[in-house]
Amino acid sequence: MSTTTIEPLVLPRANGEIDNTTDDPRYRPPLVTSELSFGDVTRAVANVAERPTTTIWKVAFAIALGFLGMLGYTLYKLFFTGVGVWGNNQPASWAFDIINFVFWVGIGHAGTLISAILFLFRQNWRTGINRFAEAMTIFAVICAAMFPGVHVGRPWLAYWLFPLPNQMQMWPQFRSPLLWDVFAVSTYASVSLLFWYIGMIPDLATLRDRAKSRAAQIGYGIFALGWTGSCRHWHRYERAYLLLSALATPLVLSVHSVVSFDFATSQLPGWHTTIFPPYFVAGAVFGGFAMVLLLAIPARQFFGLKDIITLRHIENMCKVMLATGLIVGYGYSMEFFVAWYSGSHYERFTFWNRAFGPYSWAFGIMVFCNVLSPQILWSKKMRKNLWVVMAVSFFVTIGMWFERFVIIVTSLTRDFLPSSWWMYKPTDIDLMMLAGSFGLFFTLFFLFVRYLPVVAIAEVKSVMPQAHIHPDEHDERSGDEHRSDYGPDEHHRHGNGNGAH
Amino acid sequence: MSTAIETYDTEVVGSDDVETPELIGLLAEFNDVDSVARAARTVRRAGFTRWDVHSPFPIHGIDYAMGIRPTRLPWIVLGAGLTGLSGGILLQWWTNAFDYPFFISGKPVWSLPANIPVIFELTILLSAFTTGLGMLALNGLPRWSNPLLKSDRFRQVTDDKFFIVIDATDKKFDEAATTKLLQEAGATAVERVED
């Protein structure tokens, strides 16, 4: 048998970027470029949290704080005046509050998808972006949870949402999708927070061990919980991470399904449809990846993380965005088809009204942003052009907000009886509250990039080629077990020594 | 018992003797994954039981070299999941069908399909928190005071160095002989861990 020599892979460079997006099946392109060592990875990531505060960060943080202040003002107006400060009316008794809720909770989905589902699929490229995306998830869910909390109008009674004994001796109605939502979103928020924190413990230990000041040592030290990188600890840690992924995967799919039940179980034309759960989940992942790209592209530029968040990461995210965007487009067309095919007079009118009625401009924005704009990502050249990717992500973020606006407002304002039709128009407080929720999101995000490890340092190291044990003659294992994607847990079958229990 | 390995006997750590630092183990440094894995096999073959490998990231295959048995964490999580499941059923049945029956749209007060989402969420919630907190508890964390962290050399474990720590309480431990073993196993430095 003749052996063919494969020339070593040389990655091309263009515009200061290393292009590791090759599809040549003979190579497994590196996930960390420039041949960084373990120490280089530590320094690159820890430097983001350790270097002195930059002016650009201060300016950006001040702007975010300004918007957060605006949110505070609108909440003050809302609590001391009542929900009348919003543009909600009859029949549009649900509007910006629920639109913003669904928008933010949807954005959160990309984080869990990257951390859990891609982990189960052994997509090692997730390690460069998962910390980012998980942080984004938590901040987005905080923004989301705020809206139903304040929508109750009397926020001091928000505890009625939970099954707590109270003076009325009544319990929540467990057969209502709105209560399912309370459980789904609060479970999602707390499990995401746990997942993020567990993943961060080893990296907090890195920052603790590098800290120069006493305050940083104590601060990071408390949250690192005394982590020493013991392999007996890593063993349980990895098993726990696998279990959390397996638990978070059905959870993330269930959350937006439950959110869609809020609409789908009602009898309103435009809402009463079985396609909602899968189409909402796809839309959530779509919008979430757009937000991850919007945050990750500037971050890798500013923080010098181009060798860790590489072009391949960006390209892969674009592919996920394109695929989920197509599912969303299919969802839109299927809704129209079923409205026509059902023969229901009201369904047909609702969708005709959606496309050509008074809110047709919003429908147009939605179709342009969510269906047309991602099509440019079919081209590999465009997926590697960061300006194009940023523009598409921006459009998708806008488009996904308008999708919820279209679904909620067009269906509510014109339902069965023309005598009860009315138009909906947001007030200034509505618009300020939406802008203010971005202030909350970015305030938290800027604090995260300033003080915490923005990339999962330990995980990135574990997917580098030098992280794997190479076989030697004394090693009695079969060659197959040395594959880099070989699961760690299979070894335990052979283990017979003293160990973890 | 194996738990003593990672928690280091409290009688040793909490010793009142401040005057003379007590030797609690030996720390050997390695520069790469292959050498620490080879050394781990050597230490295991030499019959040590109270020892550990420390690394900046999980090394796949080191569990085998060290002879670590699989953790029982998944069984604990299964128990928590079943508790969440039955808790979710009981909560909804007791509140809506028994304590204060809710009659809505003439539907039965107890109908399982409508109760599945909450049952599912509670199952996941309990399992996930048991996974996270159970992992920490089995690892003996949080443990904010650890003599290992006093060593400047050891603090590189979260950066790019690999260590083997052999506990002084191990039956096979002998300072001179164990130092020699670690040096011959390829350690770039061997240090006393004192408390």
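The structure is a predicted model, in which local features need pLDDT of at least 70, side-chain atom pairs count only at pLDDT 80 or more, and totals for chains, interfaces and linings use all residues. Residues are numbered from 1 along each chain as its sequence is written, while chains are lettered from A and ligands numbered from 1 in the order in which they are written.

The predictor gives the complex an ipTM of 0.85 and a pTM of 0.86. Helices (H or I, at least four residues) and strands (E, at least two) are DSSP runs, numbered from the N terminus. Within chain B, confidence is highest in helix α6 (residues 112-138), at a mean of 93. It is lowest in helix α1 (residues 3-7) of chain B, at 46. Two stretches of chain B stay under 50: residues 1-5 and residues 7-11. Contacts join residues whose C-beta atoms, placed from the backbone, lie within 7 Å. Beyond four places in sequence, the model has 10 contacts for residues 1-5 of chain B and six for residues 7-11.

Four strands of chain B form an open sheet in the order β2-β3-β1-β4, with antiparallel pairing. Strands pair if DSSP finds at least two bridges between them. The edge strands, β2 (51-54) and β4 of chain B, each pair on one side only. From one strand to the next, the twist averages 20°.

Strand β1 (residues 23-30) of chain B has seven of its eight residues buried. A buried residue has 20 or more other C-beta atoms within 10 Å of its own, with C-beta atoms placed from the backbone. Six bridges join β1(B) to β4 (residues 189-194) of chain B. Here B:L23 stands opposite B:E194. Six bridges also join β1(B) to β3 (residues 162-167) of chain B. In that pair, B:F30 faces B:F162, and B:E29 has B:F163 as its bridge partner.

Helix α3 (residues 33-45) of chain B lies across β1, β2 and β3 of chain B, at about 20° to β3(B). Angles run from 0 to 180 degrees between N-to-C directions, and axes are lines fitted to C-alpha atoms, for helices over the stretch in contact.

The contact between the chains takes 66 residues from chain A and 68 residues from chain B. On the side of chain A that touches chain B, α7(A) gives the largest share, 16 residues.

Key: pLDDT is the predictor's confidence in each residue, from 0 to 100. A residue is buried if 20 or more other C-beta atoms lie within 10 Å of its own, exposed if 12 or fewer, and partly exposed in between; C-beta atoms are placed from the backbone.
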